[in-house]
Amino acid sequence: MSAISNVMRRELTGYFATPVAYVFLIIFLVMTGIFAFYLGNFYERGFADLNPFFRFHPWLYLFLVPAISMRLWAEERRSGTIELLLTLPLTTMQAVLGKFLAAWLFIGLALVLTLPMWLTVNYLGSPDNGVILAAYLGSWLMAGGFLAIGSCMSALTRNQVVAFILSIVVCFLFLLSGLPMVMNLFIGWAPQIVLDGIASLSFLKHFADISKGVIDLRDLVYFTLVIGFWLLANVLILDIKKAD
Amino acid sequence: MIEAKSLCKSYGGFKAVDDLSFTVEAGQVLGFLGPNGAGKSTTMKMLTGFLAPTSGTALVNDIDVVEQSVAARRNIGYLPEGAPSYGEMTVLQFLTFIAHARAIAKSEVPESVENAIRKLNLTGVKHQPIETLSKGFKRRVGLAQAIIHDPQILILDEPTDGLDPNQKREVRGLIRAMAKDKIIIISTHILEEVEAVCNRVMIIAEGRLLADDSPQGLIKRSRYHNAVSLVVEAPEKVASSLSELPQVAKAELREGELTLFPTADEGLFEAVTAAIGENHWQVSALRLEAGRLDEVFHSITRKEASA
Ligand SMILES: Nc1ncnc2c1ncn2[C@@H]1O[C@H](COP(=O)(O)OP(=O)(O)OP(=O)(O)O)[C@@H](O)[C@H]1O
Ligand SMILES: [Mg+2]
């Protein structure tokens, strides 16, 4: 069995050995429901699509993903198991990937559990299922981006609360980087290329594209790069700062 | 073989390990002794590839632990300080995870796990989550995890800490039984453990190597080596009388026990027994001292602290 899948399976066993997994899944489902039905006016809009459901995913992830990712490395540091894990014959990258994939699959599971929502719109009308599938994919990819940031932040500290807060702050910056309130800070003095750069970092913008059903290669590349970048940073942080 | 070459580790400006070089051959059971904070665990962390040395390196079976960390780790079984493990997993789940991570062939995993469980007497708790186990059982899970792949090199940081006397004895037996053809490094604060399992001792303090010897060799450094202790009536009188002997360098009376330290002349014990016979002293205990490891440890590490 490959080192990555071994670590991944151990993590997943760990999730379900504690109430954390169930609490998370329930909260996730309840929150998506509340957002879609109350804030998104799921029924009243009269459209057969899942737009109100997906629209709030970035905001949901902002808090829920760090709640998953905060323990990834902080807990290993606190309990000392990091020393056990990183003296097994596997590379730091394999350990990071294994843990990341476990958490990502877990969020994938949470998304799968929202399928009744999809069934409901199909029952009520005839939505464009291609768009919905694309939106699911986009949502999961975006969750991966949040998760990679959270995993990296979690490697910085042995304190889960600190990891949680750091993750929210960094995720928030990534989320908002394309919105006018952030862009206004830069417009007028920063060169256009910087403005474009900042705007193109936004999770919201890339997610909006995908959730409209347009799977643009650039959006896929974007999320892949975000995940790759933060996981690499994660490996570097662990290698530089293993003790304490 | 393990070859440590000028290992150094600094935390900020503080030197936890300072230019440590040594080699360990197959068949040796090496004990790291030293006061708290001496750098024993830090040295082990560098040998197992967890911490990168600030300078210097180590070779494990000719593989560099810095450059080829993963390859080097394959040769090693390691019990980190405090025996960390994933508390939410059961003993069986945890050991199975380690067995897979140690690249044991899939078909042999259950057997290796069972073997380790049996060797460490964990059969009764194998379905229990580790976090619900007592301290001694957790330590044994840590030991099982370290030996599961029958590694050529075992590095055990305080292996018997928290074990009850029976388990201590059993773990020491286990270590001795594995010692043939293997390299075993343990760190401990229990001096009798060093005498019981090690055939080599390194005393480390403030990150530096102060002594490297066999336990017997260290004991011989004790000023008690070949001294004679006796419990006798009217010890003051006996002490002054025995001090006359050419074999007696010094007589010390402590808590009713009289200890006579030898000069370079041989035959202290014989001279003392002869004097007892001649003078008809009432002796209730008499023994030849082998030497005291705690006293050697104290004098070696104290010298360093005051220097
Ligand atoms: N992460 C760290 N940051 C700063 N200093 C550290 C760190 N880890 C260890 N030290 C220091 O390095 C020194 C050596 O520590 P080490 O754990 O190797 O000692 P030890 O010989 O194992 O002691 P003990 O017998 O108490 O286990 C100590 O002074 C310790 O405070
Ligand atoms: Mg230690």
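**Notes on the A–B contact and chain A**

1. Between chain A and chain B there are 2 salt bridges. One that joins the two chains is formed by A:Arg10 and B:Glu88, whose closest N and O atoms are 3.3 Å apart. Keep in mind that this is a predicted model.

2. Polar contacts link chain A and chain B through 9 residue pairs, counting pairs with both residues at pLDDT 80 or more. On the side of chain A that touches chain B, the elements giving two or more residues are helix 1 (3–17), helix 5 (71–79) and helix 6 (81–85). Helix 1 of chain A gives the most to this side, with 6 residues.

3. What is the make-up of the side of chain A that touches chain B? Its residues split into 11 nonpolar, 9 polar and 4 charged. In total, 24 residues of chain A and 23 residues of chain B take part in the contact.

4. Interface size is often expressed as the accessible area lost when the parts come together. For chain A and chain B the buried area is about 2,400 Å². Carbon and sulfur atoms give 66% of that area.

5. Chain A also carries a nonpolar surface patch of about 830 Å². The patch is made by A:Phe16, A:Tyr22, A:Ile26, A:Leu29, A:Val30, A:Ile34, A:Tyr38, A:Leu109 and A:Leu113. Helix 2 (residues 20–39) of chain A supplies the largest share of the patch, 6 residues. A:Phe16, by contrast, lies in helix 1 of chain A.

6. Over all chains, the structure holds 23 salt bridges. Among them is the pair A:Glu75 and A:Arg78, with an N to O distance of 2.9 Å. Both residues lie in helix 5 of chain A, 3 residues apart, which is about one turn of the helix. Side chains of opposite charge can pair when their charged atoms come close.

Notes:
Residues are numbered from 1 along each chain as its sequence is written. Chains are lettered from A and ligands numbered from 1 in the order in which they are written. This is a predicted model: local features need pLDDT of at least 70, side-chain atom pairs count only at pLDDT 80 or more; totals for chains, interfaces and linings use all residues. Side-chain values use heavy atoms; hydrogens and water are left out. Contact means heavy atoms within 4.5 Å. Buried area is the accessible area (1.4 Å probe) that two parts lose on being put together, summed over both. A salt bridge is a side-chain nitrogen of Lys or Arg within 4 Å of a carboxyl oxygen of Asp or Glu. A polar contact is a pair of N or O atoms within 3.5 Å; within protein, one must be able to donate a hydrogen and the other to accept it, and residues adjacent in sequence count only if both atoms are side-chain atoms. Helices (H or I, at least four residues) and strands (E, at least two) are DSSP runs, numbered from the N terminus. Ala, Val, Leu, Ile, Met, Phe, Trp, Tyr, Cys and Pro count as nonpolar, Asp, Glu, Lys and Arg as charged, and the others, Gly among them, as polar. Patches are made of residues with over 30% relative accessible area and no salt bridge: like charges are joined within 9 Å, nonpolar side chains (Val, Leu, Ile, Met, Phe, Trp, Tyr) within 5 Å. Accessible areas come from the Shrake-Rupley method with a 1.4 Å probe; for residues, only the protein chains shown count as cover.
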